[in-house]
Amino acid sequence: MGKPNSKMSLLSKSRIMRGLQCVKSLYLTIHNPDLEPAPSASQQTLFDQGHEVGTRAQQEFPGGVLIEVPYYDTDGAIKQTEAAIKGGAQVVYEATFVNDGLSARIDILTKAPREGSWNIIEVKSSTSVKPEHLDDVAIQVHVAEAAGLKIEKASVMHLNNQSTAPALKDLFNLQDVTSMIGPNKKDLPKHISSLRNALTQGEPPKLEIGPHCHEPYECPFVKECWSHVPSPSIFDFPGLGAKAWDFYAKGIVKLDDPKFGPFTGSKAHRLNAARTGRRWTDTDGIVEGFDGWKWPLLHLDFETIAFAIPRYPGTRPYEQVPFQFSAMIQKEKCGPVEHVEFLHDQRTDPRPRLLAALVKVLSNQGSIVAYNKGFESSRLKAMANAFPEHADTLLAACDRLVDPLPIFRNSVYDPAFKDSFSIKSVAPAILGPAASYHGLTVPDGNAAQRAFVEYIDPTVTPARKSELQKSMLAYCKKDTEVMVQLVDWLVSQVNTKAAA
Ligand code: SF4
């Protein structure tokens, strides 16, 4: 095994991964770390989730030796790993190896049946093996083998999205990727040598922006590298997808570049709106979009929690479980609304109490409005499946769902939407700054999930619990309030045209 050397400038597995995505990103994280923003609250939640999954995965290989040192103490980790292996450990968690300036921490290392050989297991909190995982495993095998370990098999252990709580039978799938990492492993020395070469230069590599800025991971240096991209740009134009890069490659970046396009149909209207700054509204399209809507309307919004390791009976990894709803009932077009809300406040399964409250507001009359209704529909169907006593009511509610989002997408475009028709983009553009979500303590669904986890924590103080309750109720209410106002606005467009 490689000897520990605290002065060695190590390239860790995660840094090599960063370099494989973009060498400039690796350069900046090493030479200009001050430019790198701290992880966002959402990223931190993902890290925490990964840690929880990693710890749970260790239980699948009980009796192992945990290499337990602070993350920066590579020397200590190597010493402990050597001691564990020499001491005859059959399983080692977080085994650490270093060789030739490269380091790798292996989630789970197990003794293989063949004498002197080992198996590497990389734990992922995803529900499938992704292409980038192969690089990840290839680096570990490369470093471990170079450090003198014989590796028989390398696997990715990921969550099984068919496993259900509370039994959590087969919570993980173990996929042998030994034969799949061949090409990644073969190219690795060449890539590492080129990364090292770039790191010795006096300035960052000149590298164009591209899809690699967001895939497979969002790069933290977008602010620096994208500073030459004007606002608005072709990247703010909706519906282009990967085609935006074809335009960029031809030097077309500005929306008013005459070479941008040509487009037909709604794209042509959107481009005209973006260039002139004047909103495009197709009233006939709005009328068509309202086809099938029936008043009274019930505007409905769920907030959900998705645990990597499911907690509620019958739920699977990452299943979105509603814990809160806001409903606004509007009897007539542009009329007043009545508000009903529910927020679960305990660690128990939120669905029984939520359903008891929800079925009271789901009358048999009129349409149920949900912005991007696919989400509410899938949640109603999942609860119908889990609670057959409510199935008829919930499935009937699914049939009544209508959705303002496609009406906006097909018939309205305001330059302030930029490339998104989400309610958070559309509402302030159409209704003004008061409809913005900025300034809310809980401003989005991810924040609502984090707030809920804290809210149901038995150690939370009453004062904090009350604060969280207020913020979560305000956020969910805002979603339905804004939905009502957006539908009122669409109706007013039709009425204005009819009156003209
Ligand atoms: S923003 Fe893009 S080009 Fe810049 S460092 Fe990140 S991935 Fe590389």
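This is a predicted model: local features need pLDDT of at least 70, side-chain atom pairs count only at pLDDT 80 or more; totals for chains, interfaces and linings use all residues.
Residues are numbered from 1 along each chain as its sequence is written.

Let me start with the domains. The protein is divided into domain 1 (11-199) and domain 2 (287-499), with bounds that come from an automatic or database domain assignment. The C-alpha centres of the two domains lie 39 Å apart, and the contact between them takes 16 residues from domain 1 and 13 residues from domain 2, where contact means that the C-beta atoms of two residues, placed from the backbone, lie within 7 Å. On the domain 1 side, helix α3 (residues 41-58) gives the most, with seven residues. Helices here are DSSP runs of H or I with at least four residues, strands are runs of E with at least two, and both are numbered from the N terminus.

Now to the sheet. Five strands form an open sheet in the order β11-β10-β9-β12-β13, with mixed pairing, and two strands count as paired if DSSP finds at least two bridges between them. Because β11 (337-343) and β13 (401-402) stand at the edges with a single partner strand each, one side of each is left without a neighbour in the sheet. Strand β9 (residues 297-305) pairs with β10 (residues 321-330) in the antiparallel sense over nine bridges, and Ile 305 stands opposite Val 321 there. With β12 (residues 368-369), β9 pairs in the parallel sense over two bridges, and His 299 stands opposite Val 369.

Is β9 buried or exposed? Nine of its nine residues are buried, so β9 is largely enclosed by the rest of the structure; buried means that 20 or more other C-beta atoms, placed from the backbone, lie within 10 Å of the residue's own, while exposed means 12 or fewer and partly exposed lies in between. In a regular strand the side chains alternate between the two faces of the sheet. In β9, Leu 297, His 299, Asp 301, Glu 303 and Ile 305 point one way, and Leu 298, Leu 300, Phe 302 and Thr 304 the other way.

Next, the cores, meaning sets of buried Ala, Val, Leu, Ile, Met, Phe, Trp, Tyr and Cys residues joined through C-beta atoms within 7 Å. The largest nonpolar core has 55 residues, and Phe 325 and Val 369 are among those with the most contacts inside it. Helix α17 (residues 462-499) gives the most to this core, with 10 residues. A second, separate core of 43 residues includes Trp 118 and Met 157.

Finally, the ligand. Its surroundings include Cys 22, Lys 24, Ser 25, Leu 28, His 212 and Cys 225, a residue being counted as near if its C-beta atom, placed from the backbone, lies within 6 Å. The elements that give two or more residues to this shell are α2 (23-31) and α7 (222-225), and α2 gives the most, with three. The buried residues of α2 are Lys 24, Ser 25, Leu 26, Tyr 27 and Leu 28, and what covers them includes α1 (13-21) and α6 (182-199).
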